[in-house]
Amino acid sequence: MPTAFRAAMALIVLCASTGLASAQLPKEAPARTEIFPIQSLTLSDQQFLSGDEAAGKPVTVAGEFRVAQGSGKMPVVVLMHGSSGVGPTTDAWVHEFNAMGISTFVIDGFTGRGLTVTGPNQALLGRLNLIVDIYRSLEILAKHPRVDPDRIVLMGFSRGGQATLYASLERFNKLWNKSGLQFAAYIPFYPDCSTTYRTDTDVAARPIRIFHGTPDDYNPVRSCKAFVERLKAAGRDVVLTEYPDSAHGFDSGLLGVSSVMVSANAQTVRNCHIKEGDGGVLVNGDTNAPFTYKDACVELNPHVGGNPTTAAESRKAVVEFLQALFKLG
């Protein structure tokens, strides 16, 4: 390609990009999008619980950072996906937050590990592994010049909601969070609360806001209610908002989804009672044997589906919570 032609093309691209930057963007559009490699580890639950970092397999996952329109250091919501990976519902939340002037950091904990879904085989990745990805993302954000380190919130869905909830544990922060920061709040959507970890009521002194559906038969709300009662008894700032007629994944109603269907062959531990035993081994509380996804308590074919009404209600609740927490106008 002739040098003069390359120079002319470069000038055209520069002018076009400058024009776009100076144009009036829709408020939900980010001012800038950055893709970050996240140096993480793939660990078993036992390795995670025992803090055995040396046994972990190094892996590079990814994060998409959308810097909201505005100036200076900005608040951020970190979003952690569920068993189906990053999906369109995540985008709905990202657009909502960006429109509020809140930047977003979406973690993809699957692609770098060669995964697309874990629903039919949850043994493909440790139950707690995504927490490592979350803390490593916090290390990235801690150094970013456009991030207010005191205004970073963690939000997650299903498997990612589970990771969000338990990322609040002080013990896990001491073991794995090397960022020097703490999340300002934790917002788990329909997490699995069936596992009892040691010292799991010793959580960060930050708000925890859980959103769940009453008929959820993937991750039943009853185990979360029991955990919330234990947290409240320990004096923690936790609120569980429960929506009737709202299946697992009800916030897909933000996209207009209103049907409920079977998640074919997806595994659920809805009738399992899992607890942390000695040496970081997860134990089936009914058999006192090490828990596996081949245990009799593991069932298949839970339901998933959206509810536009409660999706809108949960969006309103999250928006109002963040407006107050971040002191937005």
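**Salt bridge exercises**

E276 forms a salt bridge with R171, with 2.6 Å between the closest N and O atoms. Here a salt bridge means a side-chain nitrogen of Lys or Arg within 4 Å of a carboxyl oxygen of Asp or Glu. Before we dig in: this is a predicted model, where local features need pLDDT of at least 70 and side-chain atom pairs count only at pLDDT 80 or more, while totals for chains, interfaces and linings use all residues. Residues are numbered from 1 along each chain as its sequence is written, and side-chain values use heavy atoms, leaving out hydrogens and water.

**Exercise 1.** Work out which elements hold E276 and R171.

*Solution.* Start with E276: it lies in strand β12 (residues 274-276). R171 belongs to helix α6 (residues 170-176), so the pair, 105 residues apart, links distant parts of the chain. Elements are DSSP runs, numbered from the N terminus: helices are H or I with at least four residues, strands E with at least two.

**Exercise 2.** Take R136 and E139, then find what else joins their network.

*Solution.* Their side chains meet in a salt bridge at 3.8 Å, N to O. Both sit in helix α4 (residues 129-142), and because they are 3 residues apart, about one helical turn separates them. R136 is buried, at 15% relative accessibility.

**Exercise 3.** Find the partner of R32, then give the count for the whole structure.

*Solution.* R32 pairs with E34 through a salt bridge of 2.7 Å, N to O. E34 is buried, its relative accessible area being 14%. Searching the whole structure turns up 18 salt bridges.

Definitions and conventions:
Buried means under 20% relative accessible area, exposed over 50%, partly exposed in between (1.4 Å probe, protein chains only).
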